Amino acid sequence: MTEEEKLIRFNSLIEQDEKIEPKDWMPEAYRKTVLRQMTQHAHSEVIGMQPEGNWVLRAPTLRAKKILLAKIQDEGGHGLYLYSAAETLGMDRSTMIQQLHEGKAKYSHIFNYPTLNWADIGAIGWLVDGAAIVNQVSLQRTSYGPYARAMVRICKEESFHQRQGYEIMAHMMEGTKAQREMAQDAMNRWWWPSLMMFGPSDKDSWHTQESMHWKIKRSSNDDLRQKFIDKTVDQAYVIGLTVPDKDLKFNEATSHWEIGAINWDEFWNVVKGNGLCNHKRISHHIQFHNLGKWVREAIMAYAEKNNQLQTSN
Amino acid sequence: MENNNDQLPLWEVFIQKGGSPFKHEGSIHASDKNMALQNARDIYTRRGEGRLIWVVPSNAIASTSVEDEAEFFDPSDDKIYRHPTFYKMPEGAKNI
């Protein structure tokens with residue numbers, strides 16, 4: 001096949017909503033975009049374990065602690081599904097980790113905010129995972145096969161995450177005045193960063209158009225954000241939380257909630273590395289990756305020795 | 001910055017559930033087959049997704065290539081007698 005024929009075949013697969021598979025020919029820009037998005041997504045899952053890990057030893061009950069541990073284990077698993085999907089495009093895992101450590105690969109800006117009180121764990125499950133679910137449900141239809149299949153797996157597990165978070169918030173809103181204040185405080189700090197998770201507004205997003213054309217993304221940032229807002233505002237109302245947005249209003253004509261202006265300067269500042277926890281997140285990852293080095297060396301030495309024994313027998 | 005180039009070998013994971021055939025689920029890294037089976041269990045079967053796991057070193061898999069697809073999978077469409085509709089059934093014959 002000539003290059004032109006390959007491109008025609010690729011475009012027709014996309015057109016017919018077929019999946020692109022690892023060995024299929026694909027334009028270099030498609031490969032780069034999918035790989036960037038998948039590794040970024042994988043790193044986000046893994047770095048996202050840190051803000052939650054902060055509360056494992058201080059969870060208020062044994063029930064809460066067991067739930068939190070199970071949730072963190074899931075996040076690690078999600079990271080591994082995504083690394084596995086990303087590796088199908090030919091980049092090996094060590095390169096991905098190296099890029100994360102060197103700041104060449106990004107992860108979601110949301111994990112650079114600190115978890116200050118127990119209600120933050122509720123807010124992460126309800127708002128952060130809630131926003132992630134809206135995005136990931138849409139990505140189940142992404143055009144790159146391994147990515148779509150990883151999303152199907154992840155979505156099956158995420159709804160537990162969101163429900164446990166909302167339960168924490170609801171529980172605290174039924175508690176003492178101090179507990180209600182903690183819940184509202186967490187809501188105030190996590191609401192806007194959660195809305196930013198969908199990325200810049202469509203009119204400012206460089207990647208969106210190309211990604212939509214290739215069906216890497218299936219919905220635009222603003223559409224996904226709106227879907228999340230409409231669901232979440234009602235959920236906040238049910239448990240008595242106030243959405244920290246004085247401009248929030250319901251548009252009867254469109255049946256959508258309309259929000260005030262998002263502070264994009266804050267978003268870009270955190271993306272550029274100046275959030276409260278950027279440095280901590282990466283240095284923690286580097287520290288523990290390096291601490292595991294002797295373990296990797298030891299198990300490889302053990303495996304090689306066993307192989308030699310087997311061949312000599 | 002330390003060099004990260006010490007990842008364990010890559011294995012492909014296949015899982016069987018119920019009476020279905022083994023299905024490819026993804027990959028994991030492990031130093032040997034025991035660790036590969038344990039890692040595959042921990043990553044791909046946390047919600048009862050299967051009863052049997054196969055792990056195969058990724059570099060042991062032989063695969064067809066997309067370039068040879070047309071040649072390799074020639075469907076022999078000229079052999080129309082391989083399809084049931086090729087045959088003429090006598091009038092009145094039923095359930096065939």
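Which strands of chain B does helix α1 lie across, and at about what angle does it run to β3(B)? The legends below take up this view and several others of a predicted model.

**View 1. Helix α1 against the strands of chain B.** Helix α1, residues 33-44 of chain B, lies across β1, β2 and β3 of that chain, and it runs at about 125° to β3(B). The strands form an open sheet of three, in the order β2-β1-β3 and with antiparallel pairing. Strands β2 (23-29) and β3 (52-57) of chain B are the edges of this sheet, each of them pairing on one side only. Between neighbouring strands of the sheet the average turn is 30°, with direction ignored.

**View 2. The hairpin of β1(B) and β2(B).** These two strands pair in the antiparallel sense over six bridges, and they form a hairpin that has six residues between them. In the turn, Gly18(B) has a positive phi of about 55°. Within the pairing, Ile15(B) of this view stands opposite Lys23(B), which belongs to β2(B).

**View 3. The pairing of β1(B) with β3(B).** Strand β1 of chain B, made of residues 10-16, also pairs with β3(B), again in the antiparallel sense and over six bridges. Two facing pairs can be followed here: Glu12(B) stands opposite Val56(B) in β3(B), and Val13(B) stands opposite Val55(B) in the β3(B) strand.

**View 4. Chain B as a whole.** Chain B has two helices and three strands, and from the N terminus on its elements run β-β-α-β-α. Its C-alpha trace spans about 80 × 35 × 20 Å along the principal axes. The radius of gyration of chain B is 23 Å, whereas a compact globule of 96 residues would have a value near 12 Å. Of the 96 residues in chain B, 20% count as buried. When contacts in chain B between residues at least 6 apart in sequence are considered, 39% of them join residues at least 24 apart.

**View 5. The contact between chain A and chain B.** Chain A brings 25 residues to this contact and chain B brings 17 residues. On the side of chain B that touches chain A, β2(B) gives the most, with three residues. Sorted by class, that side of chain B has four nonpolar, eight polar and five charged residues.

**View 6. The largest nonpolar core and the surroundings of Ala183(A).** The largest nonpolar core has 74 residues, and those with the most contacts inside it are Ala123(A), Met169(A) and Ala183(A). Helix α6 of chain A, which covers residues 119-139, gives the most to this core, with 11 residues. If its neighbours within four places in sequence are left aside, Ala183(A) is in contact with Ala119(A), Gly122(A), Met169(A), Met172(A), Met173(A) and Leu241(A).

**View 7. Ser312(A) in helix α13 of chain A.** This serine, Ser312(A), lies in helix α13, which takes in residues 293-312 of chain A. Ser312(A) counts as exposed because it has 6 C-beta neighbours inside 10 Å. Along the chain Ser312(A) and Thr208(A) are 104 residues apart, and their C-alpha atoms are separated by 57 Å.

View 8. Most residues other than glycine have a negative phi. Asp17(A), however, has a phi near 60°, a positive value in a residue other than glycine. The place of Asp17(A) is in the loop between α1 (3-15) and α2 (28-47) of chain A, and Asp17(A) counts as exposed because it has 9 C-beta neighbours inside 10 Å. In chain B, Asn95(B) is also a residue other than glycine with a positive phi, the value being near 55°. Asn95(B) lies in the segment after α2 (69-72) of chain B, and is exposed because 3 other C-beta atoms lie within 10 Å.

Terms used. Residues numbered from 1 in each chain as written. Chains lettered and ligands numbered in written order. Predicted model: local features only at pLDDT ≥ 70, side-chain atom pairs only at ≥ 80, totals over all residues. Pairing = 2+ DSSP bridges. Helix = DSSP H or I, 4+ residues; strand = E, 2+ residues; numbered from the N terminus. Axes fitted to C-alpha atoms, helices over the stretch in contact; angles between N-to-C directions. Contact = placed C-beta atoms within 7 Å. Nonpolar A, V, L, I, M, F, W, Y, C, P; charged D, E, K, R; others polar. Core = buried A, V, L, I, M, F, W, Y, C linked by C-beta atoms within 7 Å. Buried ≥ 20, exposed ≤ 12 C-beta atoms within 10 Å, placed from the backbone. Rg over C-alpha atoms; globule rule 2.2 N^0.38 Å.
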